[in-house]
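Below is a short report on a single protein chain.

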Amino acid sequence: MKEEEFEDDKPEEIKTVKAKTAKEMKAMYRPVFRKTPEKYYPTKVFSKFNYTRNECKCGTIYWRRVEARDTCGDSGCVGKYSFIGKGFGKGAKGQKITYVDAWNSYKETMGK
Ligand SMILES: [Zn+2]
């Protein structure tokens, strides 16, 4: 009995909890995103700009307008950062769309 009492008095064991990386979290929630993408991504905006949802060889779901592209654009899949400085496509008026343009369009779509 004495030994058990001693055990109870021991301070709680401190366990190191490793935080999940962004990549691990994405992997965890990927199935949820895939099921209801419209809840997490501005899918209507993408559709408006004629983007389609595609799956990369690495399993990443991405949006594309250029039909010839077959990767998600991740540097590991493309081999370089092709996105930076270029925007990711062309808008209705033929201008390049940047992330900011897409976001502004998303805000407009969602109303005030
Ligand atoms: Zn990929």
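In which helix does Lys 48 lie? Lys 48 lies in helix α4, which spans residues 43-48. The model is a predicted one, in which local features need pLDDT of at least 70, side-chain atom pairs count only at pLDDT 80 or more, and totals for chains, interfaces and linings use all residues. Residues are numbered from 1 along each chain as its sequence is written.

**Overall make-up**

The protein holds six helices and two strands. Helices (H or I, at least four residues) and strands (E, at least two) are DSSP runs, numbered from the N terminus. Along the sequence the pattern reads α-α-α-α-β-β-α-α. The protein has 112 residues, of which 6% count as buried. A residue is buried if 20 or more other C-beta atoms lie within 10 Å of its own, exposed if 12 or fewer, and partly exposed in between, with C-beta atoms placed from the backbone. Two residues are in contact if their C-beta atoms, placed from the backbone in the same way, lie within 7 Å. Among contacts between residues at least 6 apart in sequence, 22% join residues at least 24 apart.

**The hairpin**

Strand β1 (residues 52-55) and strand β2 run antiparallel and are joined by four bridges; two strands pair if DSSP finds at least two bridges between them. Glu 55 stands opposite Ile 61 in β2. Five residues lie between the strands of this hairpin, where Gly 59 takes a positive phi near 100°.

Tyr 62 is found in β2, which covers residues 61-64. Because Tyr 62 has 19 other C-beta atoms within 10 Å, this residue is partly exposed. Leaving aside residues up to four places away in sequence, Tyr 62 touches Asn 54, Cys 56, Cys 72 and Gly 73.

Lys 48 counts as partly exposed because it has 15 C-beta neighbours inside 10 Å.

| Pair | Apart in sequence | C-alpha to C-alpha |
|---|---|---|
| Lys 48 and Ser 105 | 57 residues | 9.7 Å |
| Tyr 62 and Asp 74 | 12 residues | 9.6 Å |

**Helix α6**

Helix α6 covers residues 99-110, 12 residues in total, and reaches 16 Å from its first C-alpha to its last. That is close to the 16 Å expected at 1.5 Å a residue, the expected span being 1.5 Å times one less than the number of residues. One of the 12 residues of α6 is buried, so the helix lies largely in the open. Gly 111 follows α6 and has a positive phi, near 80°.
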